[in-house]
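Notebook open, viewer loaded. I'm jotting down what I look up as I go, one stop at a time.

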Amino acid sequence: MVALARPGTYDWPAPQFRRMVSEAQVRREGAAGGGMMATKRRSRSLVAALQRIVGADAVLHAPDDMVVFEYDASIGKHAPQAVVAPATTAQVAAIVRLANAAGVPIVPRGAGTGLSGGAVAPRGGVVIAMTRMTRILEMDAVNRMAVVEPGVVNYKLSQVAHRYGLHYAPDPSSQKVCTIGGNIAENSGGPHCLAYGVTTNHALGMEVVLPSGEAMWMGGKEQDRPGYDLTGLFVGSEGTIGIATKIVVRLTPNPEAVRTMVAAFPEMEQASGAVSAIIARGIVPAALEMIDAMTITAVRPLMPDATYMDGAAAVLLIEVDGLRESTVEEAALVEAVCREQGATQFVTATRAEERERLWWARKNAFGALGRLAPNYYILDGVVPRTKLTPVLRQVNEIGKRYGFPIANVFHAGDGNLHPCVAFDERIAGQSERVLEAGAEIMQACIDAGGSITGEHGVGLEKKKFMPLIFSADDLAAQEKLKAAFGATELFNPCKVLPSGAGCGDGLKFPQRLPDLGPGTAW
Amino acid sequence: MPAAAELTQVLQAIAGATNCLSAAELPLYAVDGMTPRAAVYVRSVEQVAEVMRLASREGLAVTARGGGTAMRQGYAPARLDVVLLTRKMDAVLEHVPAEMTAMVEAGVTLGGLNAALAKHGQMLPLDAPASSRATIGGVLAANTSGAHRAGYGTARDRLIGIRIVDAAGTPVKAGGKVVKNVAGYDLQKAFIGSLGTLGVIVEATFKLAPLPPSRATLAGAFRELDEALAVARGLLASGLRATALDLLNARTWASVCQRTGNPTMSDRRYILAAELAGTPAAVQRMVGQVHRAITDGGGKSHPIEGEQAQAEFWQALADTGVDMAQPASMTTRCGVLWAGLPSLVHGFEAMAEGSKLEVGLDAHLTAGVMRGWWWAEGGGVPKDDTLAAEAVGTLRKAAGHHGGYMVVESCAPGVKRKADVWGQAGPELAIMRSLKQQFDPQGVLSPGRFVGGL
């Protein structure tokens, strides 16, 4: 197991799949010859079959070329045996059918920014990289919808929609690289989901390639179609019951005015109290984020003007949007509440560049934290917002007990915590102990009446926690849902539900790769 | 299968004698003319589970019923043995105002819940006909929606947790009680709009909304459809965030006016109704903006003054089909995008005229969902079911021509026998069938009523 040490994942440039095919591989493909061992030949012929579907330049199989497909933003890692980048629905369907026939697992993948191992291939097999399907097929401004391919980058969609006075509301922190397909799989959130809802509230329909390899539409532009809400069931299914190949999303009108504020508090408890107090006053801000003392320490040196942070134990970032008049009134109320709760500094910005500057600390926190420790384990848990104070206290206490500093940068408004546990994988035992600390933090969230994931999914990482919040009967019902879509052991195996043979334990996998499909015809 | 008397005895043992209805009362609980063999008020999750265990053991067909306001949805049941009455499971289990969430039992009425929440300045912003009778379980199972979906979404946007009892009598929970949660499959969505065919909803947890500090309702009356739609499109393009923006035809407006005392504006054929909510200054400005847009666009603007009158207006609109004095004989719902809307509105009205029917229309403009309420000429029930049944086919074809769909949400049993209320399902029916098979392999939950005869 290798741990995450990639601060600022959200700033990575979008991967261009074609560029990643090395010249060396092209030479190897050109010089493909016989005389190999049987297993090699099998894998080579599966590769050849994949190449026949998508073209030679859209398949990777040399271990060196596939390194970046071994991991996502979690601390899990496992090598696939081939990576294939389809360009059409028909190609996706053909790949799934081929893998089924060959008895090889498949794992769909977007930009790989998830925190729970959803894009990792725990049993090897074929990773289906959706990053070549990047077309915005339709921008329907009148009906406020767009039809996109799954590889479209979240931020890109909002940029294009902006020309029509619209945007795509869910805005994960990784929005500059993460894809709509990945967002659909994980039911992703983001800072502005407090007021606007998460991915499922903005997904109207999709064309899906099912585990059988059959493609079909669920939902569509017209809402409330007769029948069960398959679209709703599909969103958040983490790529285990199908691969979305076209997606209809709702677009949201841009607000007329936006006000961004920061409030600095000498005590963390005061900041948490302000979160509840703002909501209790009937204000649902567009965003309500918190950074704690450790994060402040990390970002302050990078923000020379941010004197408001000095001496603060927590800073709230609050954004209100809507009509000019409401934002003025709501901002005044927010300021009053924050001051009542003990805020010592309060800054308001309305101009775009000033607002950006206030957001900087929040958006670059993970990157800045990377300067303080070699590795971070970023958690994703949810608590009722009135329980923020006791749970944050527990999180700190757990960190102290394990000797791991923990920074908290999170969506306070909806109680979605993101504790970042700092550790050093080079020190023996730390990689294991950090998982134990993480498990205790999850338990604290559960005990407070919360959940084990707010926006990054269960994936591989959280499977073992599922029985802590769901009974055996609840989990059995989820298995039924999976079965209804025809899920198989080969279709993105080992994710979400705590079952499955040969899956290992969460993030710990069998070290040796199974051969590429025992008993295949190739 | 036990005889009716024996069945009632077993149910009495589960729920108590006073909670089982007498044979004489049963016809009141008939579904599409099919009278159940027993009807029982359940008071706890455990009782629902016991009834379902009995049903699956004996192969009894069970239909859950809350306020009984949406029982005419779907195909006529294939079988019906027990009507499970959830109305007495009516506790608000948890409401923490600072969390802005509430967990309730399925039998709580939407109106009752909102009255309780209003004391804390909050609301569950879902619309339902007859909201004082409609229960949360029913609102979810029927996926009722109305004008306020423009501002607040529908049940799928508000539900954060659910508990159901499955066909075998096993209580199952999905979701939780926090507002943001992606742990596991989003099983909750299966039960919204499923008409009780996958499980009996017993508890639900919602994300609430604050009552806005100020609200205004404005109606704009137009002579021509094009004028009304042009104004609506202009308003939407301006970035206006109305919490409701509906297009009504004159028939709907007249029906609402009759019940609320608003002026009928009889020379106007199409009415835009908008609700604007927010801080007082913001609402005041939006009202000015909408008023100007209406008058500039050739319309007559009519404000509906006062909190009470506004609430009554919107509820009256939602109630159009279930108005006691003049209930609609058929309610249709279609999904239609902007491009198809004018032709569909005109098509529906022409159809009504040609068939000696009257149709009231209410289009939720930001969602592309249009409801139609149908009466005989003069407002009664058509004597001949054939006319309405024929209309269904024609209207569905028209909606389909624009890429949309049409379903009949409610109609007389006679119409149901002649017309397909759901319409032909697409290839995704295979997954729906499989879902039904997984959750109700014996077909004991409202068999036959859902899409594809599930």
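**A130(B).** I started with A130(B), which is buried because 22 other C-beta atoms lie within 10 Å; the cut-off for that label is 20 or more. This is a predicted model, so I'm reading computed geometry throughout. The phi of A130(B) is positive, about 50°, although the residue is not a glycine. I traced where A130(B) sits: the loop between strand 6 (122-123) and helix 4 (136-142) of chain B.

**E238(A).** I found E238(A) in the loop that links helix 8 (230-234) to strand 10 (243-250) of chain A. Is E238(A) buried or exposed? It counts as buried, because E238(A) has 27 C-beta neighbours inside 10 Å.

**Helix 10 of chain B.** I checked the length of this one. Helix 10 of chain B runs over residues 280-296, and at 1.5 Å a residue its 17 residues should span 24 Å. Its end C-alpha atoms are 24 Å apart, so expectation and model agree.

Then I listed what is buried along helix 10 of chain B: A282(B), V283(B), M286(B), V290(B), A293(B) and I294(B). Looking down the axis, I get these buried residues of helix 10 of chain B within an arc of 100°, so they line one face. The spacing makes sense to me, because an α-helix has 3.6 residues a turn and residues three or four places apart point the same way. On the other side of helix 10 of chain B I noted G288(B), R292(B) and D296(B) as exposed.

What covers the buried residues of helix 10 of chain B? From chain B I wrote down strand 11 (214-222), helix 8 (225-237), strand 13 (270-278) and strand 14 (300-304), and from chain A the cover includes helix 11 (324-340). After helix 10 of chain B comes G298(B), with a positive phi near 90°.

**The A/B contact.** With chain A already turning up in that cover, I went to the contact between the chains. I count 67 residues from chain B and 74 residues from chain A. Helix 10 of chain B is one of the elements that give two or more residues to the chain B side, and others include strand 8 (171-175), strand 15 (330-335) and strand 18 (405-411) of chain B. Which element gives the most there? Helix 15 of chain B does, with six residues. By class, I have the chain B side of this contact as 35 nonpolar, 19 polar and 13 charged residues.

**Helix 5 of chain A.** I ran the face check again, on residues 154-162 of chain A. The buried residues of helix 5 of chain A are N154(A), K156(A), L157(A) and A161(A). They cover an arc of only 165° around the axis, so they are on the same side of helix 5 of chain A. Their packing partners in chain A are strand 5 (136-140), strand 6 (145-148), strand 7 (166-167) and helix 6 (180-186).

**Core.** I looked up the largest nonpolar core and got 326 residues, with V84(A), L316(A) and V40(B) having the most contacts inside it. I then took V84(A) and left aside its neighbours within four places in sequence. The contacts of V84(A) that remain are L50(A), V54(A), A58(A), V59(A), I95(A), V126(A), I128(A) and A129(A).

**Chain A overall.** I noted 17 helices and 20 strands for chain A. Of the 522 residues in chain A, 60% are buried. Taking contacts in chain A with a separation of 6 or more, I get 75% from residues 24 or more positions apart.

**Domains.** Chain A is assigned domain 1 (136-253) and domain 2 (258-351). I put their C-alpha centres 31 Å apart. Four residues of domain 1 of chain A are in contact with six residues of domain 2 of chain A. I sorted the domain 1 side of that contact into three nonpolar, one polar and no charged residues.

For chain B, the assignment gives domain 1 (4-87 + 441-449), domain 2 (92-210), domain 3 (214-318) and domain 4 (325-418). The C-alpha centres of domain 1 and domain 4 of chain B lie 31 Å apart. I find six residues from domain 1 of chain B and five residues from domain 4 of chain B in that contact. The domain 1 side there has two nonpolar, two polar and two charged residues.

Key. Residues numbered from 1 in each chain as written. Chains lettered and ligands numbered in written order. Predicted model: local features only at pLDDT ≥ 70, side-chain atom pairs only at ≥ 80, totals over all residues. Buried ≥ 20, exposed ≤ 12 C-beta atoms within 10 Å, placed from the backbone. Helix = DSSP H or I, 4+ residues; strand = E, 2+ residues; numbered from the N terminus. Arc of directions from axis to C-beta. Contact = placed C-beta atoms within 7 Å. Core = buried A, V, L, I, M, F, W, Y, C linked by C-beta atoms within 7 Å. Domains from an automatic or database assignment. Nonpolar A, V, L, I, M, F, W, Y, C, P; charged D, E, K, R; others polar. Expected span 1.5 Å × (residues − 1).
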